[in-house]
Amino acid sequence: AQAGGRGKIPRAEVAVMATGSGNKISRKPHIFRFDGFTRTGEAGKLQVQTRNTELSGGGAYPAYALADIVLKGENVVFPAGEGTIVRAATPAEVSDGVKYEDAITVTSDLSVYRYEPNTGEYAELTGIALSCLPTIVPYLSAEKDEYAVLFGGTVAAVRAGGTVKTFAESCYKNYGCAAAERLFFAADGKTVKYSGVLDPGNTTESADEGGYIVLPADSDMRGMCALGKYIYVFFEKEAYRLDGRGAARDFSAEKMCYCGGRIYESSVFACGNGICFVTDEGIYFFDGTTFTNVTKKRTEFSFSDLKMLYCAGAAGKFLCQFGKSALLTKSVLYNTETGALSEIQCALKTACAYGERLFVNRGGEEKEFLFGKRASDDISYTLQRLNEDFSKKGVKTLKRLTLYGTGTAEVNVYCGKETTPKTYVTALSETGKSIEVNESAESFSFTAFLSGGTTLTGAEAEVYAFGRK
């Protein structure tokens, strides 16, 4: 990751006599201040292209961290479970004023398990016949029971406490969502089926309750999700908005004005304040009105002809791992609230959303994503500047580096072509914390290692270089 862009504020000159043809040559101090960060080379800012770093609000932050999922009520860490966990959910119930969360898992063979705290073991749930990795969403019944609804070839549900129900025998792929107290799901590549209000198992066509809508699209469906009061259905080059409020007879469907790239299957996710999806032109964000390609200026990413794609999204965050082969992939995090797009080091094959939470299985353990100021020491990030000559020719002396922010940083300084760095560890301060370097070379490289929870808001270097008076 490289940091570049220079802001130069000279301080008072300190003269050092040297030979010359009648002119004085002096060593002058120069302050190179980098106020904020950029990925596009804005002058006066550090250019950063490092993984696991979010740039927003004038600072550099840990993009994410992974933490244990602690089940409420029982206060136990999400159990490891049977087989390889690829999806997880935490439906809750309230008993005697206490909220209890279940641990529900789907394994790579599409079996569904529920953790039974009384025995301390997982029990396989029968009566659920998945044919693909499911989308799992919470649904609150008329009795205020929370169901984890699984869309994956069928529409099934697990109530907190272990009750299993089947709401529909057939579902096209894993496309479905909950909105307006109904369930919506794909019956085939162009048909959206919906249930009655607070009657998720009733999809019988009627004027008031269940029914279906066939959309006149040119391709099969690519995804479906709810945003606000509407349901959005995406096809290869089209998007439709369904208004599913009120009686079924009042439902309406409207084609949206979308002119972007070809949308990839199973890449469409609601992310709190909008919807994200992946096309052969990049990642798009839809706020309910406008479609925006958020990767348009990020030329280091290519989305054409993808052979591998894993996505998940919830609560203002969109995760995506993509590549033209399984051996050459990149993972990114898009923050829909700040507009920051960060490359991260995280395999996302098992990433999934449940409600406003995002989970991933790492090393056999189910973890929860944390973002921004909530990020812990779990994930570190790196800022780096290579071969900085401070726009001055010849040998110069780097007297000190000053860093601004909070937390602790480890800084490596490489002088010229040296391969062994000088290492400094310092606590950061918003008023600035200086590292005395006092090394000379024609150029310098810097690497700052920052753990989760550390924020860097600025940096500057004090350099002495020769110049004629």
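Is Arg87 buried or exposed, and what is its relative accessible area? Arg87 is buried, with a relative accessible area of 13%, where buried stands for under 20% relative accessible area, exposed for over 50% and partly exposed for what lies in between, computed with a 1.4 Å probe on protein chains only. The model is a predicted one, in which local features need pLDDT of at least 70 and side-chain atom pairs count only at pLDDT 80 or more, while totals for chains, interfaces and linings use all residues. Residues are numbered from 1 along each chain as its sequence is written, and side-chain values use heavy atoms, with hydrogens and water left out.

Arg87 belongs to strand β10 (residues 85-89), strands being DSSP runs of E of at least two residues and helices runs of H or I of at least four, numbered from the N terminus. Its C-alpha atom is separated by 9.3 Å from that of Val112, a residue 25 positions apart from Arg87 along the chain.

Two residues other than glycine have a positive phi. Asn75, with a phi of about 55°, lies in the loop between β8 (70-71) and β9 (76-77) and is exposed, at a relative accessible area of 59%. Ala180, whose phi is near 50°, has its place in the loop between β20 and β21 (182-186) and counts as partly exposed at 37% relative accessibility.

The aromatic side chains come next. The structure holds 25 aromatic pairs, a pair being two rings of Phe, Tyr or Trp (its six-membered ring) with centres within 6.5 Å, called stacked if the planes are under 30 degrees apart, edge-to-face if over 60 and tilted otherwise. Phe390 and Phe446 form a tilted pair, 6.4 Å centre to centre with 55° between the planes. Because Phe390 lies in the loop between β39 (380-388) and β40 (396-406) and Phe446 in strand β44 (residues 444-451), this pair ties together parts that are 56 residues apart in sequence; both residues are buried. Elsewhere, ring pairs link Tyr230, Tyr232, Phe234, Tyr258, Phe277, Tyr284, Phe286 and Phe291 into a cluster. Over the ring of Tyr230 sits the charged end of Arg241, 4.8 Å from the ring centre, the criterion being NZ of Lys or CZ of Arg within 6 Å of that centre and within 35 degrees of the ring normal.

A pocket is an open set of points on a 1 Å grid over the protein atoms alone, with protein on both sides within 12 Å along at least five of seven lines, and lining residues have an atom within 4 Å of a point. Of the 43 lining residues, Thr135, Val137, Phe269, Gly313 and Ala353 lie nearest the centre of the pocket. Among the strands that each supply at least two lining residues are β16 (135-140), β24 (221-227) and β36 (352-354), while β32 gives the most, with six. The lining divides into 28 nonpolar, ten polar and five charged residues, with Ala, Val, Leu, Ile, Met, Phe, Trp, Tyr, Cys and Pro counted as nonpolar, Asp, Glu, Lys and Arg as charged, and the others, Gly among them, as polar.

Finally, the cysteines. With a disulfide taken as a pair of cysteine sulfur atoms within 2.5 Å, the count comes to zero. Cys225 is in no disulfide, and the nearest cysteine sulfur, that of Cys177, is 6.8 Å away. Cys225 is buried, with a relative accessible area of 5%, and Cys352 is buried with a relative accessible area of 5%.

Note on methods. On a 1 Å grid over the protein atoms alone, a cavity is a set of points where a 1.4 Å probe fits but cannot get out, and a pocket is an open set with protein on both sides within 12 Å along at least five of seven lines; lining residues have an atom within 4 Å of a point.
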